[in-house]
Each structure stands twice: as C-alpha cells, then as structure tokens.
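Subject: A structure for you to explore

Hi,

Here is the structure I promised you. Have a look around it first, then read my notes below.

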Amino acid sequence: MKKIVSLIIALLSVSVLSAKGDLHLFDVNNKDGSITTEQIEKAFVDAGFGIGVNSNMNKPFMIQFKKTSFKVFTLLTVYHKKISMDLVAKYPDFGVFMPMGVGIYQGNDEETLHVSVLTADAQAKILGFDDELIKSLEKEVLAVLSKSLPNSTNKLSEDSLKEENSLITKYELNLDGGDLAEARENLSMSLNNGFQLNGFVVPSRLDVNKSLTDSPYDFYETISICKLPVIYTVSLTRPEAAAFAPCSLMVYKKKDEDKIVLGFPAVHNWMSSAHVENKEATDVLLKAQKQFESILVEATE
C-alpha cells in the first residue's frame with residue numbers, strides 16, 4: 001500500500017512540475033500611471049528589437065463600441081533584429097511570430113498594469129518544432145520586460161486547454177512556372193480586397209527579406225492583421241489573449257520552390273493558450289477564422 005501511495009504522490013509531483021501555461025504574465029503596480037507603453041517600446045528598441053505596431057486600442061474601442069473596460073489596452077508587436085531573422089531564415093513558419101505580440105492592459109478599476117507574452121515552449125508547440133534560438137528570443141524578451149517593469153512579478157498562465165485543431169493555418173499558391181511579379185500583384189490585390197470586405201485591418205507590413213543575409217527566399221513579408229470586434233469581445237473576459245493580436249500573416253516564396261506560401265496562427269491558439277471559453281468570444285473568433293480562411297482560399301485558387 002505504501003508503495004502505491006508513494007507512486008501516486010510521485011506521479012502527482014511530476015504532473016505539477018510539468019504543468020505550465022503558455023503565457024508569461026507580468027503584473028506591476030501602476031496606480032500613478034507612470035509606466036507607459038512608450039517606455040516599454042523604447043526598452044525593446046534599446047535592446048535590439050524592431051517594432052511592428054504600438055496601437056492604443058481604447059480609441060477605436062470608444063469609436064466603435066462607445067465604451068472601454070480599460071485605462072490601458074495596447075497591442076505592441078516586436079521582433080529581434082538578429083535572433084528573429086535567424087529563425088525565419090532557418091524555419092519559414094517562424095514568420096507567424098514576425099513580429100510577436102506583447103499585450104499591455106490595465107482595467108479601469110485596477111492599480112495593476114499587466115503584460116502578456118507567449119512562452120518559448122508555446123511558440124515551439126504552435127510551430128511544431130523547437131530550437132535554442134526560440135529560448136534565446138524568450139530570454140531577450142523577458143529581460144526587456146523585467147527591466148522596463150521594475151518591481152513586477154512574473155508568473156505563468158494556467159495550463160493551456162487541449163486543442164485538436166491545427167495551430168497554424170497554411171495555404172499555397174502554385175505558380176506553374178508563371179511570372180512571379182504578376183502573381184504577387186494579383187495575390188496582393190486579392191488579399192487587400194478580402195481584408196476590406198471582411199472588416200480586417202492591416203496596421204503594418206514587414207519586408208523580412210530585406211533584413212536577411214543570403215536569403216533562401218525570393219521574397220518574404222509579413223502582414224499584421226486584426227479585427228476590432230474580435231479584440232474587443234475577447235478582451236472583456238480574457239485580456240491576456242492580447243499576446244496573439246494582431247496576428248502575422250506570412251507570405252513567402254522560397255528560391256527552390258514554384259509556389260507562394262501563406263500562413264497565420266489560427267484562432268484556436270487564443271482559445272487554448274488564453275482559456276477563451278466565453279461563447280460570445282469563441283463565436284467571434286471562429287467567425288474570424290472562417291473569414292480569414294475564405295480570403296486565403298480565394299487568393300490561392
């Protein structure tokens with residue numbers, strides 16, 4: 001009996017030790033509002049990061065929904081000018097984190113500012129591969145946040161929910177030996193029309209290929225995509241999911257392939273990693289996923 005009890009305790013101990021969430025969550029007292037998103041952005045820039053967007057979402061929240069639950073709700077996206085570029089040169093799919101999200105938020109009735117960012121293990125899970133460079137990137141991100149958020153606490157989010165759907169959605173446009181410049185132009189027009197018709201906003205674009213040495217790609221760009229009703233609705237119950245917004249659509253062509261690849265992190269990541277279970281939030285997320293997929297299907301037909 002003692003051996004059985006010991007075994008159960010041992011198994012429980014392993015389970016507890018291995019249990020961990022997908023998000024780093026920083027909390028810091030900001031009663032006086034002295035910590036700003038501009039300061040956090042500058043800390044990233046000073047540490048060798050590039051910035052995708054730094055978007056104060058309260059303004060569009062007030063315009064479209066006439067209210068906000070936050071003193072601060074900012075979507076900041078960043079990429080490391082060396083490590084992130086090395087990763088995307090080595091692994092095409094890393095473009096879904098070019099740039100990666102940093103959610104910054106503080107409720108109207110809160111004295112605490114919160115920051116959420118994906119762990120290296122979560123990125124590896126989503127990508128389907130692991131590399132020490134991903135750990136190195138995480139180390140740099142955490143160092144910036146620790147420095148820019150003095151006296152903050154850092155914990156992991158609760159265990160992620162099980163997710164059976166693919167965490168990256170990908171489509172391919174076969175060129176069949178056709179003209180690349182013409183194909184890119186037609187693809188761009190189709191994407192832009194689809195985004196506009198379905199209410200998606202494009203806050204930034206990043207020409208990744210310009211920063212790659214001896215690039216294996218003819219071109220590689222990422223397009224930041226967001227949809228205001230999605231961000232607003234999810235923020236009401238799971239603001240930490242801001243680490244996924246805006247999402248990055250990677251669009252690239254490898255030199256040794258006759259196809260253009262498009263891909264983005266599926267909304268199932270939001271539901272799994274950030275525990276988005278509220279029906280209204282899951283409905284708006286799944287609708288956005290379906291719309292985004294339809295845009296890419298039409299663009300690659």
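How many bridges join strand β8 (residues 201-207) to β9? There are five, and the two strands run antiparallel. Before going on, please note that this is a predicted model, in which local features need pLDDT of at least 70, side-chain atom pairs count only at pLDDT 80 or more, and totals for chains, interfaces and linings use all residues. Residues are numbered from 1 along each chain as its sequence is written, and side-chain values use heavy atoms, with hydrogens and water left out.

**The sheet**

Helices (H or I, at least four residues) and strands (E, at least two) are DSSP runs, numbered from the N terminus. Two strands count as paired if DSSP finds at least two bridges between them. In general, strands of a sheet pair through backbone hydrogen bonds, either parallel or antiparallel.

Here, five strands make an open sheet with antiparallel pairing, in the order β7-β11-β10-β9-β8. β7 (168-174) and β8 are at the edges with a single partner strand each, so one side of each has no neighbour in the sheet. From one strand to the next, the twist averages 20°; axes are lines fitted to C-alpha atoms, for helices over the stretch in contact, and angles run from 0 to 180 degrees between N-to-C directions.

β10 in turn pairs with strand β11 (residues 259-265) over three antiparallel bridges, where Tyr 252 has Val 261 as its bridge partner.

Helix α7 (residues 180-197) packs on this sheet, touching β8, β9, β10 and β11, where contact means heavy atoms within 4.5 Å. The direction of α7 makes about 5° with that of β9. Helix α10 (residues 279-300) lies across β7, β9, β10 and β11, at about 15° to β7.

**A buried aspartate**

Now find Asp 131, in the loop between α5 (120-127) and α6 (132-148). Asp 131 is buried, at 12% relative accessible area. Beyond its neighbours within four places in sequence, Asp 131 is in contact with Leu 87, Lys 90 and Tyr 91.

Enjoy exploring!

How values were computed: Buried < 20%, exposed > 50% of the residue type's maximum accessible area, 1.4 Å probe, protein only.
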